[in-house]
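Here are a few exercises to work through with the structure open beside you. Try each task before you read its solution.

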Amino acid sequence: DLIIMDVHMPVMDGIEATKAIRKSGSDTPILGCTADTFPDEIYKFKTLGMDEVVAKPIHLHNLLVSINTVVGEEIHSHSDGRKLVAPLELNFT
């Protein structure tokens, strides 16, 4: 099982929904989706219970790599069997 959670939703946002899910005792992996991808925001989402965060607009490759990460197994790969690898992250520090 896997929950793909939009961070910004009406009525109850993804942060509050994640808190409620974790408070219920569920350890189902939660993959947050957001355009707020500043490092401090990603850190906040993870400390509040999301297992991984994928940036919007969502690119299929990044989504599949993130799903593999949160479920802890390689359930997605290239059609020829090659392993999906995360794209290089740019570091401007």
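**Exercise 1.** In this predicted model, find which residue of strand 3 stands opposite Cys33.

*Solution.* Start at Cys33 and look across to strand 3: the residue facing Cys33 there is Val54. Next, look at the strands themselves. Strand 2 covers residues 30-34 and is joined to strand 3 by 4 bridges, with the two running parallel.

**Exercise 2.** Work out the order of the strands in the sheet, and find which strands stand at its edges.

*Solution.* Step one: the sheet is open and consists of 3 strands, ordered 1-2-3, with parallel pairing. Step two: strand 1 and strand 3 (52-55) each have a single partner strand, so one side of each is left without a neighbour in the sheet, and these two stand at the edges. Step three: on average, neighbouring strands are turned by 30 degrees against each other, direction ignored.

**Exercise 3.** Locate Asp13 and find the backbone nitrogen that lies 3.1 Å from a polar atom of its side chain.

*Solution.* Begin with strand 1 (3-6) and helix 1 (14-23): Asp13 lies in the loop between them. A polar atom of the Asp13 side chain is 3.1 Å from the backbone nitrogen of Ile15. As for accessibility, Asp13 is partly exposed, at 27% relative accessible area.

**Exercise 4.** How many salt bridges does a search of the whole structure find? Describe three of them, including the one between Lys44 and Glu41.

*Solution.* The search finds 6 salt bridges.

- Lys44 pairs with Glu41, their closest N and O atoms being 3.3 Å apart. Both belong to helix 2 (residues 39-47), and because they are 3 residues apart there, about one helical turn separates them. Lys44 is partly exposed, at 33%.
- Glu52 and Lys46 form a salt bridge at 3.5 Å, N to O. Glu52 has a relative accessible area of 19% and is buried, since the cut-off for buried is under 20%. Lys46, at 35%, is partly exposed.
- Arg82 pairs with Asp80, with 2.9 Å between the closest N and O atoms. Arg82 is partly exposed at 49%, whereas Asp80 is exposed at 52%, because exposed means over 50%.

Terms used: Residues are numbered from 1 along each chain as its sequence is written. This is a predicted model: local features need pLDDT of at least 70, side-chain atom pairs count only at pLDDT 80 or more; totals for chains, interfaces and linings use all residues. Side-chain values use heavy atoms; hydrogens and water are left out. A salt bridge is a side-chain nitrogen of Lys or Arg within 4 Å of a carboxyl oxygen of Asp or Glu. Buried means under 20% relative accessible area, exposed over 50%, partly exposed in between (1.4 Å probe, protein chains only). A polar contact is a pair of N or O atoms within 3.5 Å; within protein, one must be able to donate a hydrogen and the other to accept it, and residues adjacent in sequence count only if both atoms are side-chain atoms. Two strands pair if DSSP finds at least two bridges between them. Axes are lines fitted to C-alpha atoms, for helices over the stretch in contact, and angles run from 0 to 180 degrees between N-to-C directions.
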